[in-house]
Amino acid sequence: MSTGKRKYAVAAALLFFILVWSACSGESPSSAPEGMNAAASAQLKQAAGADGDREKDSVTLVIGAYAVAKEALGSILPQFAADWEAKTGQKVVFQESYEASGTQARSIAGGLEADVALFAMEGDVDKLVRSGLLPADWKEQDAYGGMVTRSIVVMGTREGNPLGIRDWEDLTKPGVEVLYPNPKTSGGAQWDINAIYGAGLKAAAEQNLDGPRHAKELLLRIHRNVISLDKSGRASMAAFEYGVGDVIVTYENEILSRKREGIAYGMVIPKHTILIENPAVVVERYAKKHGTEDVARAFVAYLREAKAQQLFAEAGFRPVHEETAHATERKYPIPEGLFSIGDMGGWSQVKETLYSKRGIWYEVLAGIN
């Protein structure tokens, strides 16, 4: 047998194995397991795309996303695939990986060859920049600063809010069991911590108190009531769904999606909370390697168009698309004391203040006043 035929036979055998495995596991061959590693990514892409790429009638697009986006993408991906095929005649096969945002960023930087990445925060994109996977000016390539969705940090409660939670101070009361994920692995957790610390700064300013001291004390007192630090926002939400804890600090969209499913959680929007912004990027080095630049760029652009933004809004995210945001403003009121990461000095300052080796978060973990 010639070398070319042997390679084709190996690819065909691998594809057969994957299809059998998918059938046995109940997963579609267009969907990869969560936490897919680099080797699996390459093998799946080669096998699934081998025949289609020869004829240019299909393309495989690898999506590496943070776990919280999974539900929304479940609606958006087939819509994009249908629109792309209608426009170009080319079918899109998606391979998807979902993890905590920080974990996903490290996986992609370490060799998970995603064509497109969606993260909880811009710092995770910067990990890819430092790995040489995309240019440092990624925020300047569109009118939205690289972002595709927004949200805010809220508090989810049990049905009827039996503990009468109204604001951050209520999470410091004795006996209140609180959940939020681990900011070492979860971008969502960093938003949660930023929201609490930033709210402390805002409250201190209103009361003419020492801002950093008051904010740290608020975070420390809340953290004493935290009973679990899960690796992702989705894992933290799953624990809450299993009955763990009285209150969860989380994304607004996480509570709204459960309420839409008929789960009677309460949702408390604190007076002071932070605006969350979530980026999406083409991972340029991998997209060039795979020959998927055109479809990858089209997909990221599609995420910011009205159709996808409406689907994001239905999943509980706040749109970045201006007209969609205006149409959904009753569903998404602006909190009285909403602030941004820029109001806290920007990500560089926040990371130094909170998450550096001598940062406030690690002092809180150690119980240092």
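A search of the whole structure, which is a predicted model, finds 18 salt bridges. Side chains of opposite charge can pair when their charged atoms come close. One of these pairs joins Lys 127 to Asp 124, with the closest N and O atoms 2.7 Å apart. Both residues belong to helix 5 (residues 122-130), where they lie 3 residues apart, about one turn of the helix. Asp 124 counts as buried, because its relative accessibility is 1% and the limit for a buried residue is under 20%.

Since Arg 258 and Glu 254 are 4 residues apart in helix 9, about one helical turn separates them. An α-helix has 3.6 residues a turn, so residues three or four places apart point the same way. Arg 258 and Glu 254 are both buried. In helix 11, Glu 293 and Arg 297 are likewise 4 residues apart, about one turn of the helix, and their side chains meet in a salt bridge with an N to O distance of 3.9 Å. Glu 293 is partly exposed, at 27% relative accessibility, and Arg 297 is also partly exposed, with a relative accessible area of 36%. Salt bridges that share partners also join Arg 234, Glu 241, Glu 254 and Arg 258 into one network.

Helix 11 (residues 293-303) also contains Asp 294, which counts as exposed at 64% relative accessibility. The C-alpha atoms of Asp 294 and Val 282 are 10.0 Å apart in space, and the two residues are 12 apart in sequence.

The protein as a whole has 15 helices and 11 strands. Of its 369 residues, 52% are buried. The accessible surface comes to about 16,600 Å², and carbon and sulfur atoms account for 52% of that area. Among contacts between residues at least 6 apart in sequence, 74% join residues at least 24 apart.

The largest nonpolar core holds 72 residues, of which Leu 73, Trp 168, Tyr 180 and Phe 299 touch the most other members. Helix 3 supplies the largest share of this core, 7 residues. A second, separate core of 17 residues includes Val 62, Val 125, Trp 138 and Met 147. Leaving aside neighbours within four places in sequence, the contacts of Trp 168 include Val 153, Met 155, Leu 218, Ile 222 and His 272.

Ile 76 lies in helix 3 (residues 70-88) and is buried, with a relative accessible area of 0%. Beyond residues up to four places away in sequence, Ile 76 touches Phe 299, Tyr 302, Leu 303, Ala 308, Leu 311 and Phe 312. Ile 76 and Ala 308 are 232 residues apart in sequence, yet their C-alpha atoms are 6.0 Å apart in space.

In helix 8, the buried residues are Gly 233, Ser 236, Met 237, Ala 239 and Phe 240. These residues lie on the same side of helix 8, because they cover an arc of only 155° around the axis. Their cover includes strand 4 (147-157), strand 5 (178-179), strand 7 and helix 9 (252-260). Gly 243 follows helix 8 and has a positive phi, near 100°. The loop between helix 8 (233-241) and strand 7 (247-251) also holds Tyr 242, which is exposed, with a relative accessible area of 75%. Together with Ile 227 and Val 244, Tyr 242 makes a nonpolar surface patch of about 340 Å².

Methods:
Residues numbered from 1 in each chain as written. Predicted model: local features only at pLDDT ≥ 70, side-chain atom pairs only at ≥ 80, totals over all residues. Heavy atoms only, no water. Patch = residues over 30% accessible without salt bridge, like charges linked within 9 Å, V, L, I, M, F, W, Y side chains within 5 Å. Areas by Shrake-Rupley, 256 points an atom, 1.4 Å probe, with all protein chains shown as cover. Salt bridge = Lys/Arg side-chain N within 4 Å of Asp/Glu carboxyl O. Helix = DSSP H or I, 4+ residues; strand = E, 2+ residues; numbered from the N terminus. Buried < 20%, exposed > 50% of the residue type's maximum accessible area, 1.4 Å probe, protein only. Arc of directions from axis to C-beta. Contact = heavy atoms within 4.5 Å. Core = buried A, V, L, I, M, F, W, Y, C linked by side-chain atoms within 4.5 Å.
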